[in-house]
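Colleague: I have a model open and would like to learn how to read its features one at a time. Please give the general idea and then the case at hand.

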Amino acid sequence: MKPTASRSSRPGNIFDAFVKKMFGQVLVFVDFLTNYANPHFVEEIETGKICPAPTHYLGKEGDERIADLVFQCPVKHGDGNLMAVIVFEHQGGSLKRIPRKLHKYISAIWDAEEKEGRKILSAPYFIVLRTAKKPHRGKYPRMSDSTPKDRNGKPLGNVPEIDYDVIDLPALDFQRLTGSPTLRLALGILKKMVEGKEEEFADALLPLQQIAGEERQIELTKELLQFVAKVFAAHHKRLDAATVKKSLKPIFREKEALMLTTIFDEKFLEGRVEGRVEGQAEMIIRILTHRLKTPSKILQSRIRAVSDPRKMNDLGDLAIDCVSLEEFSKALD
């Protein structure tokens, strides 16, 4: 029997967390709207005054009806706001439940605004960020799809419809993503996490080169790789350290080994920077265990017996690149 992923480690939950982490930043959200939303909508709002919607619009204590990102967008002319909602659809990539979800969302927002005594309610703008392995085919679902039809196939009753836009991530050309480096990085990594094409992470990470400041580059890389590693773990797969190292090399130029501490252990960083061969030895054992299998007690003892910092550094690189414990063991002879 295969082990089941915990609720918090299921792929859908991890993707949700990633979207909220990246697109929950106001600047990234505004950048996303500017590049992917309906131009007419963007022209009518004060993008410099966009802010997250009040928390009580989203519900409290786990009973919220809105689980996606909601931002208030003040209009340029007159009073009131447009309420922009990014609806993230990952589970199976199906849009069938979207129409009913949107009805619940706008109802919850209007209820909250009425309780505040607002005379002008916010106009909704929904943009669905769809992730799946294949592009959506056919028309986008409507509320009338789920209601009775007359003899001619037309919907019966006065069916209320809510329009929405869809950003279909699998349909986007990976090489033509637009927006700031951070936005392109977020979309590219999200696309690669869904598709599971580990060998293409190098391309997804390239926008990092355009982000100013090495500290910010490192911070973003750590966050992104942590999410990617969790997605692979949820699918009972391992993110190969050698592939990650190769992907990071064009960006960090000889510092890529330090970035692997994101996936493995901070002790590896301490060992390489401060020359603590003891910490490096334990980290090498952990990398070998993670990539291949647990080294024998004899091999572990031999690794711990290495005292030359330079040789230990070489062994650290070999632990990432080798294809078998036998290959690694021969390098110790």
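Colleague: How are helix 12 and helix 14 oriented to each other?

Modeller: Bear in mind that this is a predicted model. Two packed helices are described by the angle between their axes and the distance between the axes. Here the axes of helix 12 (residues 297-304) and helix 14 (residues 325-332) come within 11 Å and cross at roughly 40°. Helix 12 and helix 14 are therefore oblique to each other. The crossing of helix 12 past helix 14 is left-handed.

Colleague: Which residues make the contact between helix 12 and helix 14?

Modeller: Helix 12 contributes Leu 299, Arg 302 and Ile 303. From helix 14 come Leu 325, Phe 328, Ser 329 and Leu 332.

Colleague: Now the sheet. What is the order of its strands?

Modeller: Strands of a sheet pair through backbone hydrogen bonds, either parallel or antiparallel. This open sheet of 5 strands has the order 1-2-3-4-5, and its pairing is mixed. Strand 1 (51-52) and strand 5 are the edge strands, each pairing on one side only.

Colleague: In which sense do strand 2 and strand 3 run, parallel or antiparallel?

Modeller: Strand 2 (residues 69-74) and strand 3 run antiparallel and are joined by 6 bridges.

Colleague: Which way do the residues of strand 3 point?

Modeller: In a regular strand the side chains alternate between the two faces of the sheet. In strand 3, Asn 81, Met 83, Val 85, Val 87 and Glu 89 point one way. Leu 82, Ala 84, Ile 86 and Phe 88 point the other way.

Colleague: How many residues of strand 3 are buried?

Modeller: In strand 3 (residues 81-89), 9 of its 9 residues are buried.

Colleague: Which strands does helix 2 lie across?

Modeller: Helix 2 (residues 26-36) lies across strand 1, strand 2, strand 3, strand 4 and strand 5, and runs at about 90° to strand 3. Helix 4 (residues 98-115) lies across strand 2, strand 3 and strand 4, at about 145° to strand 3.

Colleague: Where is Thr 131?

Modeller: Thr 131 sits in the loop between strand 4 and strand 5. Thr 131 counts as buried because its relative accessibility is 1%, and the cut-off for buried is under 20%. Beyond residues up to four places away in sequence, the residues that Thr 131 touches include Phe 88, His 90, Leu 169 and Val 194.

Colleague: Last, the aromatic rings. How many aromatic pairs does the structure hold?

Modeller: A pair of aromatic rings is described by the distance of the centres and the angle of the planes. The structure holds 5 aromatic pairs. One of them is Phe 23 with Phe 32, an edge-to-face pair at 5.3 Å centre to centre with 75° between the planes. Phe 23 is buried at 0% relative accessibility, and Phe 32 is buried at 1%. Phe 23, Phe 32 and Tyr 36 form one aromatic cluster.

Colleague: Why is the pair of Tyr 140 and Tyr 164 tilted?

Modeller: The pair is tilted because the planes of Tyr 140 and Tyr 164 are at 35°, with the ring centres 6.1 Å apart. Both residues are in the loop between strand 4 (123-130) and strand 5 (165-168), 24 residues apart. Tyr 140 is partly exposed, at 35% relative accessible area, whereas Tyr 164 is buried, at 10%.

Conventions. Residues are numbered from 1 along each chain as its sequence is written. This is a predicted model: local features need pLDDT of at least 70, side-chain atom pairs count only at pLDDT 80 or more; totals for chains, interfaces and linings use all residues. Side-chain values use heavy atoms; hydrogens and water are left out. Rings of Phe, Tyr and Trp (its six-membered ring) pair if their centres lie within 6.5 Å; planes under 30 degrees apart count as stacked, over 60 as edge-to-face and the rest as tilted. Buried means under 20% relative accessible area, exposed over 50%, partly exposed in between (1.4 Å probe, protein chains only). Helices (H or I, at least four residues) and strands (E, at least two) are DSSP runs, numbered from the N terminus. Two strands pair if DSSP finds at least two bridges between them. Axes are lines fitted to C-alpha atoms, for helices over the stretch in contact, and angles run from 0 to 180 degrees between N-to-C directions. Angles under 35 degrees count as roughly parallel, over 145 as roughly antiparallel, 65 to 115 as roughly perpendicular and the rest as oblique. A crossing is left-handed if the near helix is turned anticlockwise from the far one by less than a right angle, and right-handed if clockwise. Contact means heavy atoms within 4.5 Å.
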